[in-house]
Amino acid sequence: MNSNQMVRSGVEVVDPLSASWAEQIRVEHLTKHFHSEDPPAVDDLSFSLHAGEILALLGPSGCGKTTTLRMIAGFELPNAGRIHLHGRDVTDLSPQQRKIGIVFQDYALFPHMTVEQNVSFAMRHLPKAKRPAKAVEWLALMGLSTLTTRYPHELSGGQQQRVALARTLAAEPDLVLLDEPFSNLDASLRESTRNEMRHLFKQAGTTVILVTHDQAEALTFADKVGVMSAGKLVQLDTPQMVYQYPSNAFVARFLGHTNLISGEAEDGKVKTPLGELVVADGVAGEVRLSLRPEDLFLTQSMDGKGAKVVGREFRGHDYFYILEQDGAQYCVITPSHHCFDIGSRVNISVLRTGAVLPD
Ligand code: ADP
Ligand code: MG
């Protein structure tokens with residue numbers, strides 16, 4: 001029992017006043033300037049994670065994701081800010097002293113070693129004699145039991161990726177950092193590998209930071225999504241909240257298609273080109289709302305008025321429509337049996353309360 005836990009009436013409880021219980025990582029005001037004349041690559045970034053949480057840092061190429069990971073791992077020194085692991089300030093420690101496991105996009109396995117030897121190599125914390133048996137255990141966990149004696153060139157991309165992950169986990173790190181680890185895999189393998197990995201991390205209670213530019217990957221893999229833009233953390237929340245309640249237009253657009261609609265709010269209602277919409281009480285004045293394509297609903301217009309269908313894409317499980325009304329364009333997703341012809345007229349209705357963008 002640690003100092004933050006107390007025993008009351010025989011029941012073990014965690015002291016709610018202690019902010020740092022089971023806190024695995026805390027990053028405070030992390031900043032990196034490569035060149036003084038350029039804007040910072042990472043700009044005043046702060047967040048914390050509890051043990052076992054999975055965070056995805058999501059943002060476009062060049063927004064500072066890899067630099068953030070490299071600073072956490074200790075390969076890059078920050079110009080300002082601190083990094084705490086398990087409540088210990090590790091900012092000035094070497095990568096080896098941090099007990100962090102990393103899988104980069106171009107995971108390099110040793111080509112002259114078998115799968116088992118690659119994994120054993122990572123277990124320098126164990127006596128040599130114990131390593132092969134333990135390596136086989138990690139490989140079994142990753143579904144690689146039948147491949148232990150193969151060499152990397154005898155494996156598929158997905159299998160190599162899992163060996164790289166087994167090797168990282170075999171070192172029993174306190175924190176795992178993943179930099180676009182699925183981007184070399186083809187689409188179907190990417191989805192299954194990512195699901196398996198999430199399951200494994202959750203089972204093992206591993207704390208993970210995943211870096212990606214793929215919004216679907218971030219939303220499905222992580223417990224929390226941190227959206228980055230130009231070195232800054234713009235929003236940090238659950239996948240559901242960043243998708244449905246984006247904090248600005250950049251986040252709204254980066255997480256998928258959206259309709260940004262302006263209107264004048266009064267008494268919990270907003271007058272918009274799509275009619276009067278309900279918003280939270282207390283919202284007043286000029287506002288912008290984000291409505292996802294699946295938040296809108298289409299019905300055939302009976303009077304030849306309404307929005308005109310100008311684009312339509314059949315995607316198997318749904319239709320993606322582009323509509324025009326009073327000079328504005330809207331995107332709408334409908335079930336694939338809701339079929340409206342190009343050039344026909346439809347009425348757009350709104351299925352949910354509009355999410356007001358705070359800025
Ligand atoms: P991301 O991983 O989100 O694509 P990076 O962290 O790799 O972004 O890069 C963020 C910014 O920092 C980019 O503008 C990039 O050019 C710059 N940068 C990254 N590494 C270096 C470096 N070693 N020297 C100079 N500039 C760098
Ligand atoms: Mg990168």
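A residue is called buried when its relative accessible area is under 20%, exposed when that area is over 50%, and partly exposed in between, using a 1.4 Å probe and the protein chains only. With that in hand, Asp-89 counts as partly exposed because its relative accessibility is 33%.

A word on the ground rules before going further. This is a predicted model, in which local features need pLDDT of at least 70 and side-chain atom pairs count only at pLDDT 80 or more, while totals for chains, interfaces and linings use all residues. Residues are numbered from 1 along each chain as its sequence is written, chains are lettered from A and ligands numbered from 1 in the order in which they are written, and side-chain values use heavy atoms, with hydrogens and water left out.

Let's turn to ligand 1. Which residues are around ligand 1? Taking a residue as near when one of its heavy atoms lies within 4 Å of the molecule, the shell consists of Phe-34, His-35, Ala-41, the run Pro-60, Ser-61, Gly-62, Cys-63, Gly-64, Lys-65, Thr-66 and finally Thr-67. By class, this shell has 4 nonpolar, 6 polar and 1 charged residues; here Ala, Val, Leu, Ile, Met, Phe, Trp, Tyr, Cys and Pro count as nonpolar, Asp, Glu, Lys and Arg as charged, and the others, Gly among them, as polar.

Oxygen atoms of the ligand come close to polar atoms of the protein. One ligand oxygen is 2.7 Å from a polar backbone atom of Gly-62. On the side-chain side, an N or O atom of Thr-66 is 2.8 Å from a ligand oxygen, and for Thr-67 the corresponding distance is 2.5 Å. On its own, ligand 1 has 550 Å² of accessible area, and the protein covers 56% of it (areas come from the Shrake-Rupley method with a 1.4 Å probe).

Next, the charged pairs. The structure holds 16 salt bridges, each being a side-chain nitrogen of Lys or Arg within 4 Å of a carboxyl oxygen of Asp or Glu. Elsewhere, Arg-26 bridges to Glu-23 at 3.0 Å between the closest N and O atoms, and a network of salt bridges links Glu-23, Arg-26 and Glu-28. Glu-23 has 10% relative accessibility, so Glu-23 counts as buried, whereas Arg-26, at 27%, counts as partly exposed.

Asp-223 and Arg-198 form another bridge, with closest N and O atoms 3.3 Å apart. This pair links distant parts of the chain, 25 residues apart: Asp-223 sits in the loop between α6 (215-221) and β11 (224-229), and Arg-198 in helix α5 (residues 187-204). Helices (H or I, at least four residues) and strands (E, at least two) are DSSP runs numbered from the N terminus.

What about the cysteines? With a disulfide defined as a pair of cysteine sulfur atoms within 2.5 Å, the count comes to 0. For Cys-339, the nearest cysteine sulfur, that of Cys-331, is 18 Å away. Cys-63, from the ligand shell, is buried because its relative accessible area is 3%.

Finally, look at the backbone of two histidines. His-29, in strand β3 (residues 23-32), has a positive phi of about 50° although it is not a glycine. His-86, in the loop between β6 (80-85) and β7 (88-89), has a positive phi near 55°, and His-86 is exposed, with a relative accessible area of 53%.

Technical notes:
Polar contact = N/O pair within 3.5 Å; in protein donor to acceptor, adjacent residues only side chain to side chain.
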